[in-house]
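This report describes one structural model. The sequence and coordinates come first, and the description follows.

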Amino acid sequence: MNPETSEHSGLGGEIVLHGVAASPGIAIGKVLLMKKDGIVVEERTVEDPSAELDRLQKSIDRSSYELDKVYHAAFEKIGVDKAKIFEAQLLMVSDPIFFDTIKGRIVREKKNADFVVDDEFSRQVEQLRHSGNEIFRQRALEIEDVKNRILRNLAEAKLKSKFEGTPIIVTSELTPADAVLLSRNAVLGYVSDYGGARSHASILSRSLGIPAVVGLKEATKHVHDGMDIVIDGYRGVVVIQPSEGTIKKYGDRKRWCEQLDSELLSEASEPALTTDGRRVSIEANIELLEELPLLRPHGADGIGLFRTEPLIIDADSIPDEEVQYQTFKKAVEEAKPNAVVFRTFDIGGDKIFVEDHSEQNPFLGWRGIRMMLDRPELLKDQFRAILRASVHGKCKIMYPMVSSVEEVARANEILEEAKNSLAAKNIAFDKGIEVGVMIEIPSAALMSEEIARHVAFLSIGTNDLTQYLLAVDRTNELVANVFDEFHPAVIRTIKLIIDSGHSAGIKVAMCGEMAGNPLATVMLLGMGLDEFSAVSSVLPVLKKIIRETNYKSARKFARQLLKMDSSEEIKKVLLEYLKTRFERIYYTTISEESLDYQI
Amino acid sequence: MVQQEVVVKNRLGLHTRPAASLVKLAAKYKSELFLERDGYRVNGKSIIGVMTLAAEQGARILLMVEGEDEQAALAALVDFFDRGFDEP
């Protein structure tokens, strides 16, 4: 759980690293290290420039061939829009003007190809870095990617995209291109120095069912090819050079974790009904269309949060109504007969910016519904896309980062305009489409009863709510330890929001991290939460807990917890409860204790 | 040689994808194409060159075309800029 600790147990050089649990599962295997950096370019004078020109041409051909493969794989797997990034890279490796300059210099200066390639590319990259525009500074990375590919092929260090056996990949960071290529090979697991649970490669790992631990900071420094490694994607633990005893322990753990998983999956389609008959809804948070095939096997009662921002990241610009509609339609058809909650673009904060724009305090700045209300045409396009998708299955709309009743009213007005513009063209949509608000700002929490009167549901976003309530920037490492979603103030605010929604006669959902934390399930159930929305892999666990819980006792339990004045006390009670009542779930997902536990 | 000043209209500017489309468009013509911004000049048939212009929304670019089909090429390029590279 603590991403920064590493310890040497002293047992034959066994190294234990803790990172972010990005994709559940346990893998035991051999390391395949994928190095990206460390290409050292020497400047040499050559006798025969034509040999250098040959080497360069071979490298260009090889790079084009690789990119063409990546492009086609991406085209099939992730669609034409995302594939376009690789198409541009293909154009770059075959840029005739640019490479003519390089070839000219090789001949004139009699320098080795590597040096001239590195030098010419670096000039271009510098040129872009000096531009004051963030978008263009980012483009410098794409050019650098192409440079590294050509240099790597010059050094004939081919990308190990084909390999023997079934290794565990260790790398500094998986790029989307790597993830696509690796997904076509037999890989037991992924380990990376950087990245979070929501980075593209992590999502891809989850949808491919490959265990992954990311954000380990320096895993690549501790390994070399062929080393033994164990990864525990449930708890975010990696053991390098494990002792025989450790391998055996993890082998046993793998067996019983997989047994528990298959048991949970086999009953995942059962409803989340408490022993005394309270039915709650367990839904999935969805980021990419690749995750949709997991909805059914994980027993999702619909999509409680469909994030629309990834569309912008993929397209590199705000996609038009038609592109959005096509994407939304796929999600709606897959979720049928259940509903999909589409959250309007939540841009800003730690998320992406579409415009060149920087702020002193982005978390307190122009983001979420604030930005969209200033760009009503974008919002209207998105509304129309969702409305059009609503004829294919049940859709709901949700506004992020709302801080006042007025914002809700204004967004609702724009929604009416969108409806009218469709009606004027005789385009069909669900006239009774439900609208909800994410409650993640303290002012909205305090006003939740008034907000609730304007909408059909509320959904609690615990990450931002915690951050704003406790005044902690969770991306600031100096205070990250103060970020605590079990702080009594957070728990009491959640209760306030649920009660406000209920007194206005509407349902209250939660789509933040906490909704997917098995530690919090019984407490949230007891506080009256109606809908839990979380990453789909955890849904069978939540359902299991709810089905074996009595709602009346959960209410009593929640009342006790709400009286406590420290998060330490709350967490201690919750841990004790989960350990006693749901021992196997506790040992799979939560416990940092000894692995000697056996079923 | 023919030349004309154009303005980048789309929100994200002349980023990777429009740069790719521009280069592909320029390749259809035999004429040479240069783009100049604030005295910095690049070859319009080089995607890497075009990207280094870092031309954001509102940037003014001078298009210079020279060759047998220069009129047709300039017209097509001006139109491509006017359409905001078919982006919002």
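Among contacts in chain A between residues at least 6 apart in sequence, what percentage join residues at least 24 apart? The share is 69%, where two residues are in contact if their C-beta atoms, placed from the backbone, lie within 7 Å.

This is a predicted model, in which local features need pLDDT of at least 70 and side-chain atom pairs count only at pLDDT 80 or more, while totals for chains, interfaces and linings use all residues. Residues are numbered from 1 along each chain as its sequence is written, chains are lettered from A and ligands numbered from 1 in the order in which they are written.

Chain A has an average pLDDT (the predictor's confidence in each residue, from 0 to 100) of 86, and 87% of its residues score at least 70.

| Stretch of chain A | pLDDT | Contacts in the model |
|---|---|---|
| residues 157-162 | under 50 | 7, beyond four places in sequence |
| residues 594-599 | below 50 | 7, beyond near neighbours in sequence |

Where pLDDT is low, the predicted coordinates should not be read in detail.

Chain A contains 23 helices and 17 strands; helices (H or I, at least four residues) and strands (E, at least two) are DSSP runs, numbered from the N terminus.

Elsewhere in chain A, the axes of helix α17 (residues 462-470) and helix α18 (residues 488-503) come within 10 Å and cross at roughly 125 degrees. The contact is formed by A:Leu465, A:Thr466 and A:Leu469 of α17(A) with A:Ala489, A:Val490 and A:Thr493 of α18(A). Of these residues, 4 are nonpolar, 2 are polar and none is charged.

A:Gly299 sits in the loop between β10 (281-286) and β11 (303-307) of chain A. A:Gly299 is buried because 21 other C-beta atoms lie within 10 Å. Beyond four places in sequence, A:Gly299 contacts A:Ala268, A:Ser269, A:Leu539, A:Pro540 and A:Lys543. A:Ala268 lies 31 residues from A:Gly299 in sequence and 4.7 Å away in space, C-alpha to C-alpha.

Key. Axes fitted to C-alpha atoms, helices over the stretch in contact; angles between N-to-C directions. Nonpolar A, V, L, I, M, F, W, Y, C, P; charged D, E, K, R; others polar. Buried ≥ 20, exposed ≤ 12 C-beta atoms within 10 Å, placed from the backbone.
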